[in-house]
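Open the model in a viewer and keep the selection tool at hand. The stops below are given in an order that can be followed by selecting residues one after another.

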Amino acid sequence: MVRNNWSGQAFPHPPGRRPVVGDLLGADPAAPLQSTMRRAEGLGPIFELKIFDQKFVFVTSAELAAELADESLFEKALSPALVALREFAGQGLFTAYNDETNWALAHDLLRPAFTRDAMRRYHPIMLAAARELFDTWDARPGPVDVSADMTRLTLETISRTAFSQDFGSFTREDPHPFIPAMIAALRAGQRKGTLASMPGSAMMARRIDRRNAHHQAYVDRLLDDLIAARRAGDDDNDDLLGIMLHSPHPETGQRLDDVNIRHQILTFLVAGHETTSGALSFALHHLSRSPAALQQAQAEVDRVLGPDPDVEPTFEQVPKLRYVRRVLDEALRLWPTAPAFGRSPRRTTTLSTGHVMRPGDWALVLLPLVHRDPTVWGEDADQFDPDRFLPGRSRGRLPHAYKPFGTGERSCIGRQFALHEAVLVLAQMLHSYDLEPDPAYELRISERLTLMPVGFELTLTPRTPGPAPAA
């Protein structure tokens with residue numbers, strides 16, 4: 001259990017607090033983030049929710065988020081949800097404590113896996129996975145479940161690039177058994193994180209562990225067998241697993257052990273596909289509701305890729321899709337798929353609000369509200385406008401006002417991978433298809449480890465790209 005004391009300091013909190021249960025009665029257990037966003041209204045840049053004897057402190061202003069992003073004063077803190085996830089992903093890059101050395105070792109070893117040259121190697125793998133998905137759409141016309149299909153695509157992409165494993169997401173009748181086992185293990189961790197502040201949580205956690213043990217064992221066994229087979233074989237693969245298996249640290253000579261390699265693979269599988277699939281799904285939702293933005297995005301992909309609907313973007317063309325990139329940036333501003341990160345002080349520090357943070361205290365930066373701070377983003381901050389990210393409008397913006405990939409030394413190492421994949425896939429879709437949404441659909445968001453639209457369908461109609469502009 002991750003306690004948060006703040007030495008008895010008082011914070012604003014929503015009305016209706018009750019003895020014993022605190023602020024529990026106003027929370028929505030199915031959508032805790034969204035209910036917290038609603039309850040934050042009028043409480044200022046920092047507030048608390050008390051659930052039984054656990055205190056959650058939230059930061060919602062860009063100015064205060066910038067204070068907490070100062071790496072000389074603050075470091076990553078693990079929330080109860082991430083502590084629960086450690087039982088699944090161990091000392092992975094996402095879930096390790098700051099004083100555990102494996103995350104820093106893995107981070108240093110894996111940096112070459114996200115260079116420009118590495119991205120160039122991954123590019124054809126990303127293209128092939130997207131083409132397989134498009135082929136399934138073309139074979140069965142009709143509405144597609146966007147979030148489900150984007151998740152299949154990004155999982156297949158990360159598994160093929162990370163450890164050269166094809167899960168058959170586009171060819172199997174039923175999903176590979178690894179996938180439901182992984183999802184079940186993740187959900188078990190999430191339930192334990194949600195229950196952590198409640199009386200009797202230890203007993204409930206043990207019950208969840210017993211019910212989930214066979215899922216966890218299957219996931220661990222499959223990956224351990226894969227690692228063992230790669231170690232035993234004549235393995236010259238330069239995927240992420242190959243790097244972890246064969247690369248010593250350039251300065252210390254240290255290597256990751258096989259258990260931690262499994263943890264890193266799980267981290268990349270989970271974080272690497274859920275965040276990108278959510279970003280693509282939110283981007284497609286907003287584009288399908290914004291005819292002007294959709295038209296501008298399609299005009300750009302037609303200009304860059306040309307009139308052939310079957311052409312695939314080259315590696316060099318992806319950075320030229322600047323409006324498509326702004327669409328993704330804006331989608332991640334409104335709904336950052338990893339919606340919060342925790343920060344704790346390295347030493348006793350006084351915030352601009354007057355609150356004193358001591359080592360062991362932690363606060364959650366609530367990104368959907370930081371990204372909507374009207375002092376940074378304007379009074380129309382709730383509106384979708386990709387041109388907010390034009391260079392002229394971004395220049396001079398408060399630093400750290402936009403943090404969809406986290407902050408500091410523990411920010412997402414796979415940021416460039418995710419953005420390259422997302423721009424590539426979105427451009428291919430816009431080049432090949434017109435998007436027709438269900439006009440009755442209202443955005444609903446599932447809160448898993450990440451955020452994801454629910455029930456969002458599009459009818460995709462093959463389109464003929466517009467002619468390239470005259471020379």
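Predicted model: local features only at pLDDT ≥ 70, side-chain atom pairs only at ≥ 80, totals over all residues.

Residues are numbered from 1 along each chain as its sequence is written, and side-chain values use heavy atoms, with hydrogens and water left out.

**Helix α1**

Select residues 32-39, which form helix α1. Helices (H or I, at least four residues) and strands (E, at least two) are DSSP runs, numbered from the N terminus. Six of the eight residues of α1 are buried, where buried means under 20% relative accessible area, exposed over 50%, and partly exposed in between (1.4 Å probe, protein chains only). The buried residues are Leu33, Gln34, Ser35, Thr36, Met37 and Arg39. Now show what covers them: the cover includes strands β1 (46-51), β2 (54-59), β8 (363-366), β10 (445-447) and β11 (451-453), together with helix α13 (367-370). Contact here means heavy atoms within 4.5 Å.

Most residues other than glycine have a negative phi. Select valine 20, in the segment before α1; its phi is near 70°. Valine 20 is exposed, because its relative accessible area is 67%. Next select phenylalanine 52, in the loop between β1 and β2, with phi near 55°. Is phenylalanine 52 buried or exposed? Its relative accessibility is 15%, so phenylalanine 52 counts as buried.

**Salt bridges**

A salt bridge is a side-chain nitrogen of Lys or Arg within 4 Å of a carboxyl oxygen of Asp or Glu. By this rule there are 30 salt bridges.

Start with aspartate 23 and arginine 17, whose side chains meet at 2.8 Å, N to O. Aspartate 23 is buried at 2% relative accessibility, whereas arginine 17 is partly exposed at 28%.

Move to aspartate 224 and arginine 262, a salt bridge of 3.0 Å, N to O. This pair links distant parts of the chain, with aspartate 224 in helix α8 and arginine 262 in helix α10, 38 residues apart. Aspartate 224 is partly exposed, with a relative accessible area of 30%, and arginine 262 is buried at 11%.

Then select arginine 346 and glutamate 409, where the closest N and O atoms of the salt bridge are 3.8 Å apart. Here too distant parts of the chain are linked: arginine 346 is in the loop between β5 (340-345) and β6 (349-350), and glutamate 409 is in the loop between α15 (391-394) and α16 (415-432), 63 residues apart. Arginine 346 is partly exposed at 34%, as is glutamate 409 at 40%.

**Charged patches**

Patches are made of residues with over 30% relative accessible area and no salt bridge, with like charges joined within 9 Å. Accessible areas come from the Shrake-Rupley method with a 1.4 Å probe. Lys and Arg count as positive and Asp and Glu as negative, with His and the chain ends not counted; the place of a charge is NZ of Lys, CZ of Arg, CG of Asp or CD of Glu.

For the positive patch, select Arg187, Arg191, Arg206, Arg207, Arg210 and Arg211. Helices α7 (178-195) and α8 (201-232) each give two or more residues to this patch. Which element gives the most? Helix α8 does, with four residues. Arginine 191 lies in helix α7 and is partly exposed at 43%.

For the negative patch, select Asp135, Asp138, Asp308 and Asp310 on the surface. Aspartate 308 is in the loop between α11 (291-305) and α12 (322-334), and its relative accessibility of 41% makes it partly exposed.

**Two loop residues**

Select serine 169, in the loop between α6 (146-163) and α7. Serine 169 is buried, at 11% relative accessibility. Leaving aside residues up to four places away in sequence, serine 169 touches Arg152, Glu156 and Ile179.

Finish at glutamate 251, in the loop between α9 (240-246) and α10 (258-288). Glutamate 251 is exposed, at 73% relative accessibility.

Notes: Patch = residues over 30% accessible without salt bridge, like charges linked within 9 Å, V, L, I, M, F, W, Y side chains within 5 Å.
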